[in-house]
Amino acid sequence: MSAREMVRETNPKFYERYSKLEDTDEFWEFLVKPLRQSIRVNTLKAPLDVVVERLSEEFELEPIPWVREGFFINVDNLAKVPEHGLGLIFGQEASSMIPPVVLEPKPGELVLDMAAAPGSKTGQIAQYMENRGCIIANDPKISRANVLIANLNKMGVLNTRVTTKDGAYFARFENTFDRVLLDAPCSSIGMIRKRLRFLEEWRLRGVIKYMNIQKRLILAAYRALKPGGTLVYSTCTIDPVENEEVVDYLLRKTDAMLEPIKLPVKTSEPVLEWEGRVYSEELKKALRIHPNDNDTEAFFIAKIVKPGDVE
Ligand SMILES: C[S@@+](CC[C@H](N)C(=O)[O-])C[C@H]1O[C@@H](n2cnc3c(N)ncnc32)[C@H](O)[C@@H]1O
C-alpha cells in the first residue's frame with residue numbers, strides 16, 4: 001500500500017484537508033516515513049570539536065546545514081550512547097533546532113520560553129546565552145515541567161527558572177523580555193513521523209481548539225516583549241489555521257512586524273489564502289517546512305519584532 005493510500009484509509013478527513021495544501025506522492029511518503037535520528041551537541045558541557053571528534057570514532061555524523069551544533073547520526077538507540085547519558089549531546093529533531101537559531105538569544109539577556117517542556121529548545125537557548133542572563137522556562141503541565149527540570153539539570157543549564165503558568169499569565173509583564181519563544185502547543189502533524197497516533201487521532205475540532213489557544217498565547221507573548229525585542233512563533237504542524245492564521249491575527253491586532261529568516265533550509269510556499277480567508281503578504285517572510293522539503297519533521301517558524309529601540 002502506498003503512503004497516500006495508507007493516510008487516506010487511516011483518516012479520510014485528514015487526507016481531504018491536507019491534499020488541498022500539497023498533493024505530491026513525496027509529501028505523503030515523507031509525512032509518515034520514520035525520522036532520521038539527529039542530535040545537538042551541548043556546548044555548555046564540552047567544546048563542539050571535542051564531542052564531534054569522539055563521536056566520529058564510532059558513528060557517522062552528517063552536519064545539519066542550519067545549526068552549527070546539529071548532526072544527523074546513524075544510531076538506533078541514543079540511550080546506549082554514553083555521551084547522551086552525560087548530557088554532552090541531546091536528541092533533538094533537526095527542524096526543531098531552527099526556532100532558537102532564529103531567536104538569536106545573547107548572553108546576559110532576559111528570555112521567556114513560554115511553552116518549554118520537555119526543554120530541548122530551552123537547553124539550546126541557554127547554550128547560545130552561555131548560561132548567562134536569565135531564561136523563564138514555563139509549562140503549565142506539571143508532569144512535563146518535571147521532565148523539563150530533569151533535562152535542564154542533565155544539560156547543565158544554570159540560568160533558568162521554571163514556572164508552571166498558563167502562558168497568557170505573562171501578559172502582565174508588559175515590555176519586559178528581550179526575546180520570547182512561543183513554541184506553541186499544536187496538532188503535531190509534524191510528529192506523525194514519530195507517532196502514527198497523531199494521524200489516527202487527528203480531528204478538525206482539535207485544530208480549531210489549538211488555534212484559539214495559540215491566538216491567546218501569541219498576544220500575551222507579544223505584550224511581554226520589550227520594544228525592539230524578538231518573538232519567535234513556531235509549531236510542528238502544517239495546518240494554516242495554526243500557523244499563518246495565528247501570525248496574521250497578531251499582525252492585525254498589534255503593531256508587530258515580521259522579519260525575513262535567512263537560513264540554508266528548503267521551504268514550501270506560505271499559505272496566503274485558506275478557506276476563503278486572505279492573509280497578509282508579510283507571511284511570505286515566515287518559514288513553512290513540509291516533511292519532504294528536508295526530510296525532517298514539518299515546522300512553521302515566524303520571526304516577529306516589536307517596533308522601538310533596543311535599550
Ligand atoms: C510543542 S510543545 C513544546 C516543546 C518545547 N518547546 C521543546 O522544544 O522541548 C508545547 C508545550 O506547550 C505546553 N502548553 C499547553 N498549553 C499551554 C498554555 N496554555 N500555556 C503555555 N504552554 C502550554 C504543553 O504542555 C507542551 O509542553
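Me: Let's start with a definition: two strands count as paired if DSSP finds at least two bridges between them. With that in hand, and remembering that this is a predicted model, which residue in β6 is the bridge partner of D113?

Reply: Happy to walk through it. β5 and β6 pair in the parallel sense, over 4 bridges. β5 covers residues 110-113 and β6 covers 134-138. For D113, the partner in β6 is A137.

Me: And how many of the 5 residues of β6 are buried?

Reply: A residue is buried if 20 or more other C-beta atoms lie within 10 Å of its own. β6 is largely enclosed by the rest of the structure, because the number of its 5 residues that are buried is 4.

Me: What follows β6? In which loop is P140 found, and is P140 buried or partly exposed?

Reply: P140 is found in the loop between β6 and α8 (142-155). Buried would take 20 or more C-beta neighbours and exposed 12 or fewer. P140 has 16 C-beta neighbours inside 10 Å, so it counts as partly exposed.

Me: How far apart in space are P140 and D166, C-alpha to C-alpha?

Reply: P140 touches T164, K165 and D166, not counting residues up to four places away in sequence. P140 and D166 are 26 residues apart in sequence, yet their C-alpha to C-alpha distance is 5.5 Å.

Me: D183 is one of the closest residues to the ligand. Which residues does D183 touch, not counting those up to four places away in sequence?

Reply: D183 sits in strand β8, residues 177-183. It counts as buried because it has 24 C-beta neighbours inside 10 Å. UniProt, in an unreviewed entry, also lists D183 under "binding site". Leaving out residues up to four places away in sequence, D183 touches P99, A115, K121 and S234.

Me: A117 is in that UniProt "binding site" list too. With which residues is A117 in contact, leaving aside its neighbours within four places in sequence?

Reply: A117 lies in the loop between β5 and α7. With 24 C-beta neighbours inside 10 Å, it counts as buried. Beyond its sequence neighbours within four places, A117 is in contact with D139, K141, R144, A145, V147 and L148.

Me: At which residue does UniProt place the feature "active site"?

Reply: The residue in question is found in the loop between β9 (225-235) and α11 (244-253). Leaving aside neighbours within four places in sequence, its contacts include S96, C186, S188 and E297. The unreviewed UniProt entry places the feature at C236.

Me: One more: which element gives the largest share of the largest nonpolar core?

Reply: This core has 85 residues, and those with the most contacts inside it are M114, V180, L182, A221, L231, Y233 and I301. Taking I301 and setting aside its neighbours within four places in sequence, its contacts include I98, V102, V232, I261 and L287. The largest share of the core, 8 residues, comes from α10.

Technical notes. Residues numbered from 1 in each chain as written. Predicted model: local features only at pLDDT ≥ 70, side-chain atom pairs only at ≥ 80, totals over all residues. Near = placed C-beta within 6 Å. UniProt positions renumbered as here; feature names shortened; annotations may be inferred. Helix = DSSP H or I, 4+ residues; strand = E, 2+ residues; numbered from the N terminus. Contact = placed C-beta atoms within 7 Å. Core = buried A, V, L, I, M, F, W, Y, C linked by C-beta atoms within 7 Å.
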